[in-house]
Amino acid sequence: MLAVGGKDYNVKIYDDSTKSLMSVLRAAGTTNEGHSNRVFSVKFTEDPNVLLSGGWDNAIFIWDLREKKSVGLLYGPHICGDSIDLRGDSVLTGSYSNKDVLQLWSCLLYTSDAADDSLRVDLGGRR
């Protein structure tokens, strides 16, 4: 899979082998809540069904691609480039600001034990 953000505030998921559009993760005010401004950075987690996206709206959205919706939000970083990284339970963001340019966030992603195999997110906030 290939994920792309852009000026339409959506995150688009493409099939890498066929280059065809698989799904669109919608902007705020549409079917699913999402970004309210340009999306500059997308990052898949170790789980290929989970994606993080960030942009000018000062938000990092956590998307579950199986449900095609946002399952979590980290509010604060003003992302203007490819500046999201994930390692274990930590999300590192690079913000376009005069202070707190690099921020480290706690974010535990795990699959529920429920039969529906849904994603659960525990957002600890900024470290």
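Leu 92, Val 101, Leu 102 and Leu 104 make up a nonpolar patch on the surface. The model is predicted.

**The nonpolar patch**

- Is Leu 102 buried or exposed? Leu 102 is exposed, because its relative accessible area is 63% and exposed means over 50%.

**Salt bridges**

- How many salt bridges does the count come to? The count is six.
- Lys 12 and Asp 8 are joined by one of these contacts, with N and O 2.8 Å apart.
- Lys 12 is partly exposed at 26% relative accessibility. Asp 8 is also partly exposed, at 33%.
- Another salt bridge links Glu 67 and Lys 69. Their closest N and O atoms lie 3.6 Å apart.
- Glu 67 has a relative accessible area of 35%, so it counts as partly exposed. Lys 69 has 36% and is partly exposed.

**A salt-bridge network**

- The side chains of Asp 85 and Arg 87 form a salt bridge, at 3.4 Å from N to O.
- Asp 85 is partly exposed, at 28% relative accessibility. Arg 87 is exposed, with a relative accessible area of 62%.
- Why do these two residues get different labels? Arg 87 has 62%, so it counts as exposed. Asp 85 has 28%, so it counts as partly exposed.

**The open sheet**

- Strands of a sheet pair through backbone hydrogen bonds, either parallel or antiparallel.
- Here, four strands form an open sheet in the order 4-5-6-7, and the pairing is antiparallel.
- Which strands are the edge strands? They are strand 4 (39-44) and strand 7 (69-75), and each pairs on one side only.
- From one strand to the next, the twist averages 25 degrees.
- Strand 5 (residues 50-55) pairs with strand 6 (residues 59-64) in the antiparallel sense. Five bridges connect this pair.
- Which residue of strand 6 is the bridge partner of Val 50? The partner is Asp 64.

Terms used. Residues numbered from 1 in each chain as written. Predicted model: local features only at pLDDT ≥ 70, side-chain atom pairs only at ≥ 80, totals over all residues. Heavy atoms only, no water. Patch = residues over 30% accessible without salt bridge, like charges linked within 9 Å, V, L, I, M, F, W, Y side chains within 5 Å. Areas by Shrake-Rupley, 256 points an atom, 1.4 Å probe, with all protein chains shown as cover. Salt bridge = Lys/Arg side-chain N within 4 Å of Asp/Glu carboxyl O. Buried < 20%, exposed > 50% of the residue type's maximum accessible area, 1.4 Å probe, protein only. Pairing = 2+ DSSP bridges. Helix = DSSP H or I, 4+ residues; strand = E, 2+ residues; numbered from the N terminus. Axes fitted to C-alpha atoms, helices over the stretch in contact; angles between N-to-C directions.
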